[in-house]
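Here are my notes on the model you sent. Please read them with the coordinates open.

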Amino acid sequence: MSLRRRFASRLEAFLGLARERQAVQLLDVFQDSIAILGGDGTIIQVNAAWRAFARDSRLEMADAAVGQNYLAACDGAAAAGDTLAAEAAAGIRAVLAGRKSYHLVTYPCHAPTRQRWFQLQASAVDGPGRARAIVRHADATDLVLAAAEQERARAAAETAEQASVAKSRFLAMASHDLRQPMMALRLFLEVMNRRVADPGLRPVLDKANETLAALTGLFESLLDLSQLESGKRSVQAIPIPVDELLDRLRDEFEIMARDKGLSFRTVPCGSAVYGDPILLERILRNFIANAIRYTDRGGLLIGCRRVGQRLRIDVIDTGVGIAPEQKALIFRESYRGDGRHEGDHGYGLGLAIVQRAANLMEVPVEVSSTPGRGSRFSILLPTQPSPQLPGAMPPASNLAGPPARPVVVEAGRQPDAPTCLAVVVEDDPMVALAVRLFLEEFGCTVLSANSVNEAVALVRSAPTRPDVIIANYRLGPGGNGLEAIKRLRADLEADVPAWLITGDVSTELYRRARAERVGYLRKPVRPEEIQACILACDQGGRFGPDRRPRRTG
């Protein structure tokens, strides 16, 4: 070899070494441990962090393993059973052979005083010189702990979701399975109220009525609150004719108010609002129930007022009122007012339900009160400008022509003939019997069926056309109540007044019922609600005040 060539070769080697040393100097600024490997895995250079780690770990390596083969070290650990070392060796070999440009593996390296994790990153190096790969060991403790925390949070969320699904499933089963016997019990008790003439039994029946009212109220409140808190309650904004809603609430609560000697008046407004009809009705029902509970003289007024682009529905009473310092407390769970009313079976859940339902609909609730003079509870909802709503169902009383409030005869008159022919479609024998006995108290003839087909067969053989259809929605394998109503109407070629009884609280079912011009009754149905169905169809005006159901809750 000529002198010139030997010089050039040495100069190239010197420059290569200089570049490697310069590279090491540059790598010294990094806090991660870094080593440069040759093509066979030999450690060419390491940075200061690598040397410090070797020193702190008391590794017996000359110059922190420079000159040793890194792959051999990994293979030795793998032979001793270290699977992560085997994975690291395989990845580095793939990088050196050009099959991969990058390899990453996370491994634990715990210190005596704390747990630690590191990441080994092997990256390919292209260009002149001996370097073919850079191995970097970075502290990944924070990343691993953060990932573990995210996994715990994910697992906790999944567990909570599973619990929520199970809770929703249980509530759905409880909503149906418990509402059925409670509804039957209420109707059976109402029949007893009307048939028992022994004055000595009247106090016992009154206490039974009060107990059932308390049980029913608590049951409904707990189910409503649980459903609202679960986040599973979907909300839809559909047009709601306000007058129709107020008429239904008047029919439900007017008897309760009169039993306390209170007046009860609703003012028609001829407007409609957008909102969730089931949640809105639940809110107003709680407003009215509280107003009756805390009013001893005077009465209630329900009306509406335009406020900008919204309609405010007011429930106004002449009750005990609310002290200013208590206004911030009344929407809390378990708050029960002044507690001075005998027979008050409130459990402090009604207004808590109101607040959650209003929050779901994203509408405001207002309270105005003067102690000793009364209160106004209001909800404000967006308005529907058109007085005629597409697909809206008219009031139940207009379904087949009879007036909403039939002319009643003098007190004490008993019907001398069946006032109506009612079809009851219910697959629960206990509920079917209770509804039949209750309707028969009003002189009705009842055709009771447990399926759609049976109902159609009974109606076809009946001597006259039915006056009203009352159908439970869930009929098991026998179809559903809405299907039964549609089949019967089609078979009769008449728009017979019909009501759907259900424990389902979905807005979709409510919308479907309205589209079919079918009334909607939520379990457990009150006796006065069923009575209102019959009154709406009473073309002969045979129901006097003495035939009115006693309040059972």
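The points below go from the whole chain to a sheet, a loop and the salt bridges.

1. Basis. This is a predicted model, in which local features need pLDDT of at least 70, side-chain atom pairs count only at pLDDT 80 or more, and totals for chains, interfaces and linings use all residues. Residues are numbered from 1 along each chain as its sequence is written, and side-chain values use heavy atoms, with hydrogens and water left out.

2. Whole chain. The chain holds 14 helices and 17 strands (DSSP runs numbered from the N terminus: H or I of at least four residues, E of at least two). Of its 553 residues, 45% count as buried (under 20% relative accessible area; exposed is over 50%, partly exposed in between; 1.4 Å probe, protein chains only).

3. Open sheet. Five strands run in the order β14-β13-β15-β16-β17, with parallel pairing (two strands pair if DSSP finds at least two bridges between them). β14 and β17 (519-522) are the edges; each has a single partner strand, so one side of each lacks a neighbour in the sheet. Neighbouring strands are turned by 20° against each other on average, direction ignored (axes are lines fitted to C-alpha atoms, for helices over the stretch in contact; angles run from 0 to 180 degrees between N-to-C directions).

4. β16 (residues 498-502) and β17 pair in the parallel sense over four bridges. Ile501 stands opposite Leu521 in β17.

5. Ser451 sits in the loop between β14 (445-449) and α11 (452-461). Ser451 is buried, at 15% relative accessibility. A polar atom of the Ser451 side chain lies 3.2 Å from the backbone nitrogen of Glu454.

6. The whole structure has 26 salt bridges (a side-chain nitrogen of Lys or Arg within 4 Å of a carboxyl oxygen of Asp or Glu). Arg154 bridges to Glu158, with the closest N and O atoms 2.6 Å apart. These two are four residues apart in helix α5 (residues 141-195), so about one helical turn separates them. Glu254 bridges to Arg258 at 2.8 Å between the closest N and O atoms. Both lie in helix α7 (residues 242-259). Glu254 is buried at 12%, whereas Arg258 is partly exposed at 48%.

7. A bridge between strands. Arg376 pairs with Asp314, the closest N and O atoms being 3.7 Å apart. Arg376 is in β12 (residues 374-384) and Asp314 in β10 (residues 310-317), 62 residues apart. Both residues are buried.

How values were computed:
Polar contact = N/O pair within 3.5 Å; in protein donor to acceptor, adjacent residues only side chain to side chain.
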